[in-house]
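I opened the model to look up two things.

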Amino acid sequence: MKYIMLNHKMNLEYKTIKKYIKQLATIDTKGHSLIVFPSDIYLTNFIDSKFMVGSQNASSNKDGAYTGEVSASQLRSLGVQYSLVGHSERRKYFKETNQDINKKIRLLLINKIIPVLCVGESLNDKNSAATKEVIFRQLQGALDKLSSKDIENLIIAYEPVWAIGSGQIPTNEEIEGVIFYIKDLIYKNFKVKVHVLYGGSVNENNIDIIKQTKGIDGYLLGGVSLHLDKVQELIYKL
Ligand code: PGA
(Lines give C-alpha, C1' and ligand atoms only; values in the text may rest on other atoms or scores of the structure.)
Protein backbone atom coordinates (compact mmCIF):
# COMPACT_ATOMS: atom_id res chain seq x y z
CA MET A 1 0.00 0.00 0.00
CA LYS A 2 1.25 3.45 -0.96
CA TYR A 3 -0.16 6.83 0.00
CA ILE A 4 -1.36 8.88 -2.93
CA MET A 5 -1.95 12.45 -1.87
CA LEU A 6 -3.64 14.89 -4.23
CA ASN A 7 -2.68 18.51 -3.56
CA HIS A 8 -4.99 20.80 -5.54
CA LYS A 9 -3.17 23.96 -4.42
CA MET A 10 -5.27 27.06 -5.33
CA ASN A 11 -7.05 25.47 -8.28
CA LEU A 12 -10.50 24.37 -9.45
CA GLU A 13 -13.73 26.31 -9.25
CA TYR A 14 -16.97 25.08 -7.80
CA LYS A 15 -18.50 23.70 -11.00
CA THR A 16 -15.35 21.73 -11.76
CA ILE A 17 -15.12 20.50 -8.19
CA LYS A 18 -18.59 18.99 -8.44
CA LYS A 19 -17.57 17.09 -11.58
CA TYR A 20 -14.29 16.11 -9.93
CA ILE A 21 -16.11 14.61 -6.96
CA LYS A 22 -18.31 12.53 -9.26
CA GLN A 23 -15.27 11.25 -11.11
CA LEU A 24 -13.44 10.59 -7.86
CA ALA A 25 -16.13 8.09 -6.91
CA THR A 26 -15.15 5.99 -9.94
CA ILE A 27 -11.44 5.82 -9.08
CA ASP A 28 -10.04 2.36 -8.47
CA THR A 29 -7.32 2.79 -5.85
CA LYS A 30 -6.02 -0.77 -6.19
CA GLY A 31 -5.70 -0.90 -2.41
CA HIS A 32 -3.62 2.26 -2.15
CA SER A 33 -4.57 5.02 0.25
CA LEU A 34 -5.89 8.07 -1.60
CA ILE A 35 -6.20 11.38 0.22
CA VAL A 36 -7.46 14.61 -1.35
CA PHE A 37 -6.24 18.06 -0.29
CA PRO A 38 -8.65 20.55 -1.90
CA SER A 39 -8.94 24.26 -1.12
CA ASP A 40 -10.49 24.71 2.33
CA ILE A 41 -13.76 26.06 0.90
CA TYR A 42 -14.43 22.64 -0.66
CA LEU A 43 -13.48 20.47 2.31
CA THR A 44 -17.10 19.80 3.23
CA ASN A 45 -17.87 18.74 -0.35
CA PHE A 46 -15.21 16.06 -0.06
CA ILE A 47 -15.90 14.89 3.47
CA ASP A 48 -18.77 12.65 2.36
CA SER A 49 -16.82 11.08 -0.50
CA LYS A 50 -15.34 7.63 0.06
CA PHE A 51 -11.84 9.05 0.33
CA MET A 52 -9.98 10.69 3.14
CA VAL A 53 -9.57 14.42 3.13
CA GLY A 54 -6.77 16.75 4.12
CA SER A 55 -6.24 20.49 4.32
CA GLN A 56 -3.35 22.24 2.61
CA ASN A 57 -2.54 24.28 5.69
CA ALA A 58 -3.65 24.98 9.26
CA SER A 59 -3.12 27.95 11.53
CA SER A 60 -0.22 28.08 13.97
CA ASN A 61 -2.67 29.62 16.45
CA LYS A 62 -5.23 27.74 18.47
CA ASP A 63 -8.18 30.10 17.96
CA GLY A 64 -9.17 33.74 18.19
CA ALA A 65 -8.75 36.97 16.24
CA TYR A 66 -6.77 35.75 13.21
CA THR A 67 -8.81 36.85 10.21
CA GLY A 68 -8.64 34.49 7.27
CA GLU A 69 -7.05 31.64 9.20
CA VAL A 70 -8.44 28.15 9.79
CA SER A 71 -7.55 26.29 12.97
CA ALA A 72 -6.68 22.64 13.48
CA SER A 73 -9.69 22.19 15.77
CA GLN A 74 -12.01 23.66 13.11
CA LEU A 75 -10.57 21.24 10.58
CA ARG A 76 -11.02 18.39 13.02
CA SER A 77 -14.62 19.38 13.62
CA LEU A 78 -15.29 18.87 9.90
CA GLY A 79 -13.72 15.42 9.86
CA VAL A 80 -10.45 16.37 8.18
CA GLN A 81 -7.87 13.64 8.83
CA TYR A 82 -4.65 15.00 7.32
CA SER A 83 -3.00 18.37 6.79
CA LEU A 84 -0.02 19.43 4.75
CA VAL A 85 2.46 21.45 6.78
CA GLY A 86 5.40 23.50 5.59
CA HIS A 87 4.83 23.05 1.87
CA SER A 88 7.59 24.94 0.05
CA GLU A 89 5.03 27.35 -1.40
CA ARG A 90 3.97 28.24 2.15
CA ARG A 91 7.58 28.67 3.21
CA LYS A 92 8.35 30.82 0.17
CA TYR A 93 5.28 33.01 -0.33
CA PHE A 94 4.00 33.18 3.24
CA LYS A 95 7.37 33.19 4.96
CA GLU A 96 6.56 30.22 7.15
CA THR A 97 9.42 29.38 9.47
CA ASN A 98 10.35 26.05 10.98
CA GLN A 99 9.08 27.45 14.28
CA ASP A 100 5.64 28.20 12.77
CA ILE A 101 5.63 24.73 11.30
CA ASN A 102 6.45 23.22 14.69
CA LYS A 103 3.47 25.05 16.25
CA LYS A 104 1.17 23.84 13.46
CA ILE A 105 2.29 20.25 13.88
CA ARG A 106 1.62 20.37 17.63
CA LEU A 107 -1.88 21.77 17.16
CA LEU A 108 -2.68 19.23 14.47
CA LEU A 109 -1.52 16.35 16.65
CA ILE A 110 -3.55 17.60 19.61
CA ASN A 111 -6.55 17.55 17.27
CA LYS A 112 -5.76 14.06 15.97
CA ILE A 113 -5.00 15.24 12.44
CA ILE A 114 -2.02 13.61 10.75
CA PRO A 115 0.51 16.27 9.72
CA VAL A 116 2.22 15.69 6.36
CA LEU A 117 5.43 17.63 6.87
CA CYS A 118 7.01 18.79 3.61
CA VAL A 119 10.77 19.21 3.43
CA GLY A 120 13.14 19.74 0.54
CA GLU A 121 16.12 21.65 -0.78
CA SER A 122 16.26 24.50 -3.28
CA LEU A 123 18.28 24.29 -6.46
CA ASN A 124 20.91 26.43 -4.83
CA ASP A 125 21.16 24.03 -1.89
CA LYS A 126 21.41 21.09 -4.26
CA ASN A 127 24.13 22.72 -6.32
CA SER A 128 26.15 23.48 -3.22
CA ALA A 129 25.73 19.90 -1.97
CA ALA A 130 23.75 21.12 1.04
CA THR A 131 20.63 18.96 0.58
CA LYS A 132 21.04 16.84 3.71
CA GLU A 133 22.10 19.79 5.82
CA VAL A 134 19.00 21.76 4.77
CA ILE A 135 16.70 18.84 5.42
CA PHE A 136 18.35 18.25 8.78
CA ARG A 137 17.62 21.86 9.79
CA GLN A 138 14.04 21.69 8.54
CA LEU A 139 13.41 18.52 10.53
CA GLN A 140 15.20 19.76 13.61
CA GLY A 141 13.06 22.92 13.68
CA ALA A 142 9.77 21.33 12.72
CA LEU A 143 10.05 18.40 15.11
CA ASP A 144 11.48 20.29 18.07
CA LYS A 145 10.37 18.82 21.41
CA LEU A 146 8.04 16.31 19.82
CA SER A 147 7.81 12.84 21.36
CA SER A 148 8.24 9.49 19.65
CA LYS A 149 4.50 9.03 19.89
CA ASP A 150 4.00 12.30 18.05
CA ILE A 151 6.37 11.21 15.32
CA GLU A 152 4.48 7.94 14.91
CA ASN A 153 1.46 10.01 13.93
CA LEU A 154 3.22 12.06 11.30
CA ILE A 155 4.15 11.59 7.65
CA ILE A 156 7.06 13.28 5.92
CA ALA A 157 7.04 14.30 2.25
CA TYR A 158 10.36 14.86 0.55
CA GLU A 159 9.77 17.49 -2.10
CA PRO A 160 12.81 19.12 -3.70
CA VAL A 161 11.76 22.72 -4.31
CA TRP A 162 13.32 22.72 -7.78
CA ALA A 163 11.32 19.64 -8.78
CA ILE A 164 7.92 21.08 -7.85
CA GLY A 165 5.94 22.01 -10.95
CA SER A 166 9.10 22.09 -13.07
CA GLY A 167 8.93 18.75 -14.84
CA GLN A 168 12.39 17.96 -13.46
CA ILE A 169 12.91 15.05 -11.11
CA PRO A 170 15.91 13.84 -9.14
CA THR A 171 17.47 10.51 -10.04
CA ASN A 172 16.20 7.46 -8.19
CA GLU A 173 19.53 7.32 -6.33
CA GLU A 174 19.13 10.92 -5.20
CA ILE A 175 15.58 10.34 -3.96
CA GLU A 176 16.59 7.12 -2.25
CA GLY A 177 19.54 8.82 -0.57
CA VAL A 178 17.34 11.50 0.97
CA ILE A 179 14.51 9.16 1.91
CA PHE A 180 16.81 6.83 3.83
CA TYR A 181 18.62 9.80 5.33
CA ILE A 182 15.28 10.99 6.76
CA LYS A 183 14.21 7.54 7.91
CA ASP A 184 17.56 6.85 9.60
CA LEU A 185 17.65 10.26 11.24
CA ILE A 186 14.16 9.82 12.65
CA TYR A 187 14.92 6.33 13.87
CA LYS A 188 18.13 7.45 15.52
CA ASN A 189 16.44 10.29 17.36
CA PHE A 190 12.99 8.92 18.12
CA LYS A 191 13.31 5.13 17.78
CA VAL A 192 10.26 4.98 15.55
CA LYS A 193 9.72 4.38 11.87
CA VAL A 194 8.26 7.12 9.75
CA HIS A 195 6.58 7.01 6.36
CA VAL A 196 8.27 9.18 3.75
CA LEU A 197 6.60 10.23 0.50
CA TYR A 198 8.15 11.73 -2.59
CA GLY A 199 6.65 14.76 -4.35
CA GLY A 200 7.73 17.01 -7.21
CA SER A 201 6.67 16.59 -10.85
CA VAL A 202 5.44 13.03 -10.43
CA ASN A 203 3.12 12.08 -13.29
CA GLU A 204 1.59 9.13 -15.08
CA ASN A 205 4.54 8.99 -17.48
CA ASN A 206 7.52 9.11 -15.11
CA ILE A 207 5.98 6.93 -12.37
CA ASP A 208 7.38 3.80 -14.02
CA ILE A 209 10.86 5.08 -13.27
CA ILE A 210 10.24 6.76 -9.91
CA LYS A 211 8.45 3.75 -8.46
CA GLN A 212 11.65 1.73 -8.70
CA THR A 213 13.15 3.87 -5.95
CA LYS A 214 13.47 1.99 -2.67
CA GLY A 215 11.93 3.36 0.49
CA ILE A 216 9.15 5.49 -1.01
CA ASP A 217 5.91 5.08 0.94
CA GLY A 218 3.80 7.15 -1.43
CA TYR A 219 3.51 10.21 -3.61
CA LEU A 220 2.37 13.78 -3.19
CA LEU A 221 0.92 14.90 -6.49
CA GLY A 222 0.33 18.52 -7.47
CA GLY A 223 -0.35 19.29 -11.13
CA VAL A 224 -1.48 15.76 -11.97
CA SER A 225 -3.97 15.72 -9.10
CA LEU A 226 -6.25 18.04 -11.08
CA HIS A 227 -6.75 15.35 -13.74
CA LEU A 228 -8.24 12.20 -12.31
CA ASP A 229 -7.81 10.23 -15.53
CA LYS A 230 -4.07 10.76 -15.14
CA VAL A 231 -4.22 9.88 -11.45
CA GLN A 232 -5.99 6.65 -12.38
CA GLU A 233 -3.38 5.84 -15.00
CA LEU A 234 -0.64 6.48 -12.46
CA ILE A 235 -2.31 4.20 -9.89
CA TYR A 236 -2.59 1.38 -12.44
CA LYS A 237 1.17 1.63 -12.98
CA LEU A 238 2.09 1.39 -9.29
P1 PGA B 1 3.79 19.02 -8.65
O2 PGA B 1 3.56 19.55 -7.17
O3 PGA B 1 3.38 17.58 -8.68
O4 PGA B 1 2.94 19.89 -9.51
O5 PGA B 1 5.26 19.18 -8.93
C6 PGA B 1 3.83 18.76 -6.06
C7 PGA B 1 3.57 19.52 -4.79
O8 PGA B 1 3.77 20.74 -4.75
O9 PGA B 1 3.14 18.94 -3.79
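I count a polar contact as a pair of N or O atoms within 3.5 Å; within protein, one must be able to donate a hydrogen and the other to accept it, and residues adjacent in sequence count only if both atoms are side-chain atoms. The model is predicted, so I note that local features need pLDDT of at least 70 and side-chain atom pairs pLDDT 80 or more, while totals for chains, interfaces and linings use all residues. Residues are numbered from 1 along each chain as its sequence is written, and side-chain values use heavy atoms, without hydrogens and water.

Entry on the ligand. I looked up the side chain of Lys9 and found one of its N or O atoms 2.7 Å from an oxygen atom of the ligand. For Gly165, a backbone N or O atom is 2.6 Å from a ligand oxygen. For Ser201, a backbone N or O atom is 2.7 Å from a ligand oxygen.

Entry on H7 and H9. I take helices as DSSP runs of H or I, at least four residues, numbered from the N terminus. H7 (residues 131-142) and H9 (residues 172-190) pack at about 40°, with axes 11 Å apart. Axes are lines fitted to C-alpha atoms over the stretch in contact, and angles run from 0 to 180 degrees between N-to-C directions. H7 and H9 are therefore oblique to each other (angles under 35 degrees count as roughly parallel, over 145 as roughly antiparallel, 65 to 115 as roughly perpendicular and the rest as oblique).

Entry on H5. I found H5 (residues 98-110) packed against H7 at about 45°, with axes 7 Å apart. That makes H5 oblique to H7.

Definitions and conventions. Helices (H or I, at least four residues) and strands (E, at least two) are DSSP runs, numbered from the N terminus.
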